[in-house]
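Please look over the following structure before reading the briefing. The points below are meant for someone meeting it for the first time.

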Amino acid sequence: MMPSAIDPATPFDPVGHESVSAGVVHQIEAMIVDGILKDGSRLPSERELAEAMQVSRPKIREALQQLEARGLVSIRHGEGAFIAKLSGAAMTPAMLDLLGRHGEALFDYLEYRREQEAFAARLAADRATSADKARIRSIMDQLEQSWENQDQAASIKADFRFHSAIIDASQNSLLIHMMASIYDLTRSRIFYNRDFLLSIDGSGRLLLDQHLALGQAILDGDVKAAEEAARAHLDFIERSFRVGQEQQEREIKARKRQLLAR
């Protein structure tokens, strides 16, 4: 049976009448698995869901209650229904603090990211839809604009959105959810300090060019170039941090020698 045409106004599909509430539950669960509905995102109102899925509001309410009982949805009276926090933290705060005090853990983190993001880039170049490519192209424009405006805050936000968009374009549900936790670590700045990278880069132009090369390879559907660009980007980050760490160690030793020479 051929799938029904997609309504561009809503991501939800009409539900058949053989088991209405179960159909609603199944559709929302599938959208969570596929990373379409993400942690904390607000669902449309009962009325909007009923219209999009072409079912009654009582059936929508029944389905949401089932989803809440399964721990997938949180219903907040007066606010609406939200996707629950499902991916969880990759590590406890105590573990993050511990790793933050041990510099070599940074390079394990970067090694993990390099392999996963290279894998994601390869998949994205092969699987990205026209909507995925439009999203990536739009973020590439945002990256360029933030660089031209020297808007560091906008640049950081676009950086996160760019990598997340590539993960989503991989169409691999497990990768989407696993990397969501990894990017939480990135946002915590335990392992990643973009300010430092800019000090190595100078203007941030190298980072921008790496992002644009990666994005363009995916837009072109060039699987090999996309994987190589992702690896080159993470290799640059690792080399930069190693240079910074070595420089810091040299400065500490120099200060100690200076103190003893007095």
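What share of the 262 residues in the protein chain do buried residues make up? Buried residues account for 39% of them, in what is a predicted model.

**The chain as a whole**

- The protein chain contains 11 helices and two strands, and from the N terminus on its elements follow the order α-α-α-β-β-α-α-α-α-α-α-α-α.
- Among the contacts in the protein chain between residues at least 6 apart in sequence, 72% join residues that are at least 24 apart.
- The protein chain has an accessible surface of about 14,700 Å², and 54% of this surface belongs to carbon and sulfur atoms.

**Helices H2 and H3**

- Helix H2, which covers residues 46-53, and helix H3, which covers residues 57-69, have axes that come within 9 Å and cross at roughly 110°; H2 is therefore roughly perpendicular to H3.
- On the H2 side the contact is made by Glu46, Arg47, Leu49, Ala50 and Met53, while on the H3 side Arg57, Ile60, Arg61 and Leu64 take part.
- Sorted by kind, the residues of the contact of H2 with H3 comprise five nonpolar and four charged ones, with no polar residue among them.

**Helices H7 and H10**

- Helix H7 (residues 152-169) packs with helix H10 (residues 205-219) at an angle of about 25°, and their axes are 12 Å apart.
- Because angles under 35 degrees count as roughly parallel, H7 and H10 are roughly parallel to each other, and H7 passes H10 in a left-handed crossing.
- From H7, the residues Asp159, Phe162, His163 and Ile166 meet His211, Leu214, Gly215 and Ile218 of H10.
- The residues of this contact of H7 with H10 divide into four nonpolar, three polar and one charged.

**Ala84 in its loop**

- Ala84 is placed in the loop between strand S2, residues 80-83, and helix H4, residues 93-100.
- With a relative accessibility of 14%, Ala84 counts as buried, because the cut-off for buried residues is under 20% relative accessible area.
- Once its neighbours within four places in sequence are left aside, Ala84 is in contact with Asp39, Gly40, Gly71, Leu72, Val73 and Ser74.
- Ala84 and Lys38 are 46 residues apart along the chain, and their C-alpha atoms are separated by 8.5 Å.

Definitions and conventions. Residues numbered from 1 in each chain as written. Predicted model: local features only at pLDDT ≥ 70, side-chain atom pairs only at ≥ 80, totals over all residues. Heavy atoms only, no water. Axes fitted to C-alpha atoms, helices over the stretch in contact; angles between N-to-C directions. Helix = DSSP H or I, 4+ residues; strand = E, 2+ residues; numbered from the N terminus. Parallel < 35°, antiparallel > 145°, perpendicular 65-115°, else oblique. Left-handed = near helix turned anticlockwise from the far one by under 90°. Contact = heavy atoms within 4.5 Å. Nonpolar A, V, L, I, M, F, W, Y, C, P; charged D, E, K, R; others polar. Buried < 20%, exposed > 50% of the residue type's maximum accessible area, 1.4 Å probe, protein only. Areas by Shrake-Rupley, 256 points an atom, 1.4 Å probe, with all protein chains shown as cover.
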